[in-house]
Amino acid sequence: MDDQRVAEGIKVQAEHCRRNGAPVTARIVEAQLALMAGDTLCGKRIAHWPGLPLEDALPLRLAGGFHHLLLTHTDSRLLPVYSGDVSNQAEVDAIVVAVTSDHDQRLLPWLDGPPQTNEAGRSASFMAGLLWLSDKVGSRFELNEIGASAGINTMMERYHYDLGGVETGPETSPMRIKPEWRGPPPPKAEVEIMHISGCDQSPVDLSDPDAALRVKSYVWPENAGRLERKDAAILLAAQKRPDIVKADALDWVLERLSTPQDAGVVRVFNHSIVWQYIPAERRAAITDAIETHGRNASAERPLVWMMLETNRETFKHELHIRYWPGPPRWHLLAEAQAHGTWVEWLAGQT
């Protein structure tokens with residue numbers, strides 16, 4: 001039955017949160033099981049969800065809404081839940097159900113779209129991938145991010161990175177990306193980002209305080225480092241807005257592929273935790289378009305596809321890269337924590 005499918009998805013998401021150091025968010029997610037049994041509009045919509053709850057990130061949509069209530073000081077009943085003072089699941093359930101009953105209409109729109117977490121920590125994997133690519137295809141890159149949300153990772157040329165002791169990026173940057181590094185460091189190499197742009201179906205303008213707060217609401221509140229990075233990204237976006245356009249992913253990829261590519265510049269298509277949200281037929285069309293252009297790539301104008309996505313069987317987040325001209329296969333370079341807390345460099349497995 002549909003409600004059993006949704007309930008199982010909620011349980012899996014809660015366990016995923018616990019494994020990623022977010023026990024409070026896990027309790028908020030799990031409380032949605034109690035909502036399903038009630039008569040709120042939110043609970044009914046969750047119970048009759050038509051899609052795939054995990055691929056749609058259903059439980060995290062409403063979790064963002066509850067965090068927004070906390071950040072806007074709307075309902076003090078949530079404070080002991082988020083502080084961890086109330087950790088018994090039955091008590092959390094009661095609070096979440098009561099809060100939802102009182103803010104049902106305000107919370108309901110949070111179910112309309114997937115979370116836009118746009119986590120800067122994930123760019124550590126992208127930068128490591130560029131360092132690995134540098135001596136294979138060249139050190140000058142044009143990045144094109146699919147599903148860029150607020151464009152936080154399209155500002156990565158302004159971030160400072162420490163990746164297992166390999167440092168790159170401006171020393172004075174307020175954005176400091178230093179994940180726990182596991183395994184050997186990535187290659188120490190030259191990386192010059194010539195241009196970055198991105199697309200999203202619903203791009204977020206970080207210069208709008210309300211929009212910025214919405215993005216921040218999707219951050220799991222246990223992750224203080226993520227909240228600090230979000231504030232740094234908002235600061236940098238105020239200084240220079242990221243280059244993001246509102247567009248369908250397939251349409252934008254086709255447009256970017258048709259744009260003349262400068263000689264000596266590597267064209268990269270990259271994305272993180274977005275592939276699952278693109279309909280299957282459009283994923284197939286994007287794949288066909290990139291691979292077709294890849295077969296025509298040259299050493300003077302290389303093409304790269306770089307993705308940090310969830311392995312739907314293991315739920316590990318994996319960095320895969322394929323490049324043209326080059327070996328006809330994907331390279332699994334790293335596994336990473338969902339939000340970039342740690343990166344394990346695998347360098348060479350396929």
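Tyr 218 is buried, with a relative accessible area of 5%, where buried means under 20% relative accessible area, exposed over 50% and partly exposed in between, using a 1.4 Å probe and protein chains only. Trp 110 is buried as well, at 6%. Keep in mind that this is a predicted model, in which local features need pLDDT of at least 70 and side-chain atom pairs count only at pLDDT 80 or more, while totals for chains, interfaces and linings use all residues. Residues are numbered from 1 along each chain as its sequence is written, and side-chain values use heavy atoms, with hydrogens and water left out.

Now for the rings. Searching the whole structure turns up 6 aromatic pairs; rings of Phe, Tyr and Trp (its six-membered ring) pair if their centres lie within 6.5 Å, and planes under 30 degrees apart count as stacked, over 60 as edge-to-face and the rest as tilted. Trp 110 and Tyr 218 have ring centres 5.4 Å apart and planes at 70 degrees, so they make an edge-to-face pair. Trp 110 lies in the loop between α8 (104–107) and α9, and Tyr 218 in the loop between α10 (209–217) and α11 (224–239), so this pair ties together parts that are 108 residues apart in sequence. Helices here are DSSP runs of H or I with at least four residues, strands are runs of E with at least two, and both are numbered from the N terminus.

Trp 132 and Tyr 323 form another edge-to-face pair, 6.0 Å centre to centre with 70 degrees between the planes. Trp 132 belongs to helix α9 and Tyr 323 to strand β10 (residues 317–324), so the pair ties together parts that are 191 residues apart in sequence. Both of these residues, Trp 132 and Tyr 323, are buried. Elsewhere, Trp 275, Trp 305 and Trp 330 form one aromatic cluster.

An open sheet of 3 strands runs in the order β3-β2-β4, with mixed pairing; two strands pair if DSSP finds at least two bridges between them. Its edge strands are β3 (166–168) and β4 (176–177), each pairing on one side only. β2 (residues 160–163) and β3 pair in the antiparallel sense over 3 bridges, and Tyr 161 stands opposite Thr 168 in β3.
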